[in-house]
Amino acid sequence: MAQVPQRFFDALAVRTWCGLSLRALGRAREEIDAINVYPVADGDTGTNLYLTVESAVAAVEAVFAAHETDDRPAGADDRPAGAGEGAAGAGGGPSLADAVGAMAHGALIGARGNSGTILAQLLRGMAQVLTTGGDSGHTGGPGLRLALRHAAVSARQAVAHPVEGTVLTVASAAADAAEDVEGDCAEVARAAYEGARVALAATPGRLPVLERAGVVDAGGRGLVTVLAALVETFTGRAPEPFAVPHARVEHGAEHPAGEHAPGKECPEPDAGNGPAFEVIYLLEAGDAAVTRLRQRLDALGDSLVVVGGDGLWNVHVHVDDAGAAVEAGVEAGRPYRIRITHFGQGDAHTTASVRTPRERAQRAVVAVVPGEGLAALYTEGGATTLLARPGEPPASGELVQALRRAHAREVVLLPNDAELRHTAAAAAEQARTEGIRVALIPTRSAVQGIAALAVHEPERRFDEDVVAMTSAAGATRHAEVTVAERQSWTTAGICQAGDVLGLIDGDVAVIGADVAQVAATVLDRMLSAGGELVTLVIGDEAPRTVADHLETRVRETHLAVDTVVYRGGRQGALLLVGVE
């Protein structure tokens, strides 16, 4: 079906472009993964680009959803007049600046891998140009040309040692081709795409590792896909797809891209001696501290890319000493969402002729958890965990990766959040197409997941195990104590910003000013219907005395009820409560 073309680059065009890019990368993901040989042949470039754009899409959709809420008729909610107003686009929706700013921020916080990090900076570079138009709700061809040029320049500046024949070369070629066109957004986008496609086809001649493998650059291939979506945004039709060359056939045997014939040289310039770890983290730090960090990390390893600005950065580097890379971030500011990946035996940094794949386990449990403390608890229980930061729910691609990481034939998935049910269902369906048997238990809180994990028995039949875990989760009522962020209508009345809220089974049941008192009221109401075990998960920001206060209350007023207490870390809510 043809896409309705956008005339100008406005907020709706940004939304359309992001959505089309995500779908296109979803279709091309495996193909791009297969040709990933540089800088590390770990076969994940397509997946990383998809996850990066998926995060950008989520951020843009959130901006549109916020404006749809703000534009409801007077009296539909109680937000103060003027909240969320600004330079809006047509119809009272978000402005171009709102949309591209969200796109860039979403890509920044969700960037994965070397190519994903560079793509995030390309989008940020475009946003820096497109947000300088004041109150203008849109831009035309000239504005898009400037944005593409600034994107290419800023991405190149973000890489410590730019290499030609990569996504950087493709981005520069796209900007060069766009500059030669005087026309509207459609003509500029089409020229950029054609310039990028020509440059991509030439990447093997500029980077020997690609030529030896007989492939084009995977990151550049991903950028061509994103630019094709830009063409479709403004013309209504996708351009002809780029034909990706397969790995070269040598001595009568075809070796997929990213794999190497026995005895052949690995297509890394420094095969066998590359860094052992990929380290990625978000960093809150000032410009001067980041300048020093770049110098420190450049001395520790390679493939250094630092993107972002305005106090928030995404840091990517390959090193042998992962601890030193993280410590450098601590010295520079506050690193978080730290991901460390080991380039294990059989990847781009090894030359072994025989790969021994790790045997799949029969069964595993994958759980989404809201804090570091709970992650440790679930891991001790044998689960593979995916950490969900407050306000940053995992995308479906991240859940799929967690299901793969469990490396099992059968997997029980615990989303532990009612808002993740659709995302988890999509991830489960994707994993099933890959031959993994997945059972999704719709846990709505981490305390329900704890109950389910407690009765998990890998030795019994899969269906019996799933039924037992589902029953345990369903028999656990859940509650949380949190703080209201703004004035709002609730099922318990009107709350003000800063009020303490007690939610039982997802609905606000208590509004108060004291955490301990609200928590005690919530607990009393839950136990009024009976219960044998109370589970308390205490967040970092909860008062230190609240756990002792609640334990004492249960002991004195509910003699037959036991209490267990866990430390959840930075879990968003002050307190999670479960009653079995």
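**Cores, a buried helix and backbone exceptions**

Good morning. The largest nonpolar core in this predicted model comprises 87 residues, and the members with the most contacts inside that core are F9, V14, W17, M103, L144 and F234. Let me take V14 as an example. Leaving aside residues up to four places away in sequence, V14 is in contact with F9, V60, L96, A99, V100 and M103.

The buried positions are S396, G397, E398, L399, V400, A402 and L403. Just after α14, H407 adopts a positive phi of about 55°.

N416, which is not a glycine, has a positive phi near 60°. N416 sits in the loop between β11 (408-414) and α15 (421-433). Is N416 buried or exposed? With a relative accessible area of 9%, N416 is buried, the cut-off being under 20%.

D505, also not a glycine, shows a positive phi of about 50°. Its place is in the loop that links β16 (500-504) and β17 (507-512). D505 has a relative accessibility of 25% and therefore counts as partly exposed.

Finally, the peptide bonds. Which residues does a cis peptide bond join? They are Y38 and P39, with omega at about 0°. P39 belongs to the loop between α1 (11-34) and α2 (45-70). Thank you.

Technical notes: Residues are numbered from 1 along each chain as its sequence is written. This is a predicted model: local features need pLDDT of at least 70, side-chain atom pairs count only at pLDDT 80 or more; totals for chains, interfaces and linings use all residues. Side-chain values use heavy atoms; hydrogens and water are left out. Buried means under 20% relative accessible area, exposed over 50%, partly exposed in between (1.4 Å probe, protein chains only). Helices (H or I, at least four residues) and strands (E, at least two) are DSSP runs, numbered from the N terminus. A nonpolar core is a set of buried Ala, Val, Leu, Ile, Met, Phe, Trp, Tyr and Cys residues joined through side-chain atoms within 4.5 Å. Contact means heavy atoms within 4.5 Å.
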